[in-house]
Amino acid sequence: MTRSLGARDRFETIYHAYYPAIHQYVARRTDSPDDTADAISETFLTAWRRIGDVPEGDEARLWLYGVARRVLSNQRRGASRRAVLAERLREELAAERRAAPADLDHVRDVFDRLSARDREVLALTCWEGLTGQQIGKVLGCTATAVRIRLHRARKRLARELGVAEEGNPTAELRGENL
């Protein structure tokens, strides 16, 4: 390879020459095709960004192995951090759920039985405190469509809870913020 090749030509030459070796190296060290693809992409992105630092000849392959090794190490550290965070969040959420009043378990059960569409519009209203217009932006529909969905979801929830139509629904079921 000569120094007269432009950066793009040099990168393409390196890529075509060493992609199979880097692919095998990374694939043997990852658990999924997605992780493999991510590591290969990151390795060659580094080579492109640092094309002036890539050695000539077969030394380029060794340099790429070193980059791939560091990329894989970063992937493992990131996965480990995400696993620790996910576990901590699971524990916190479980503790919050246990701290909820037991007399609301039937409400939670009824809510969980509603359709995903009903749960979402009710949750955005009651839990997140969004207005009809804001919910419309989240769901990609008009505020009028939100009001209709919300009305129907409230009726289904009230029916499942055994609350009379003209009964005494809570402020959350009335959705006074809409």
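The side chains of Glu 12 and Arg 8 meet in a salt bridge, 3.1 Å from N to O. Here a salt bridge means a side-chain nitrogen of Lys or Arg within 4 Å of a carboxyl oxygen of Asp or Glu. Both residues lie in helix H1, four residues apart, about one turn of the helix. Helices (H or I, at least four residues) and strands (E, at least two) are DSSP runs, numbered from the N terminus. Arg 8 is exposed, with a relative accessible area of 59%, whereas Glu 12 is partly exposed at 31%. Buried means under 20% relative accessible area, exposed over 50%, and partly exposed in between (1.4 Å probe, protein chains only).

This is a predicted model, in which local features need pLDDT of at least 70 and side-chain atom pairs count only at pLDDT 80 or more, while totals for chains, interfaces and linings use all residues. Residues are numbered from 1 along each chain as its sequence is written, and side-chain values use heavy atoms, with hydrogens and water left out.

## Pairs along helix H3

A search of the whole structure finds eight salt bridges. Among them is the one between Glu 87 and Arg 90, at 3.1 Å from N to O. Because these two are three residues apart in helix H3, about one helical turn separates them. Arg 88 and Glu 92 also form a salt bridge, at 3.5 Å; they are four residues apart in H3, again about one helical turn. Arg 88 is partly exposed at 47%, and so is Glu 92 at 38%.

## Patches on the surface

Leu 85, Leu 89 and Leu 93 make a nonpolar surface patch of about 260 Å². Patches are made of residues with over 30% relative accessible area and no salt bridge; like charges are joined within 9 Å, and nonpolar side chains (Val, Leu, Ile, Met, Phe, Trp, Tyr) within 5 Å. Accessible areas come from the Shrake-Rupley method with a 1.4 Å probe, and for residues only the protein chains shown count as cover. Leu 85 lies in helix H3, residues 59-99, and is partly exposed at 39%.

Asp 31, Asp 34, Asp 35, Asp 38 and Glu 42 form a negative one, and a positive one includes Arg 76 and Arg 77. Lys and Arg count as positive and Asp and Glu as negative, while His and the chain ends are not counted. A charge is placed at NZ of Lys, CZ of Arg, CG of Asp or CD of Glu. Asp 31 sits in the loop between helix H1 (7-27) and helix H2 (33-49), and is exposed at 83%. Arg 76, in helix H3, is partly exposed at 49%.

## Inside helix H5

Which residues of H5 are buried? They are Asp 118, Val 121, Leu 122, Ala 123, Leu 124 and Thr 125, and they pack against helix H4 (105-113), H6 and helix H7 (143-161). Asp 118 has a relative accessible area of 5%. Leaving aside residues up to four places away in sequence, Asp 118 touches Ala 153 and Arg 156, where contact means heavy atoms within 4.5 Å.

## The whole chain

The protein chain has eight helices and zero strands. Buried residues make up 27% of its 178 residues.
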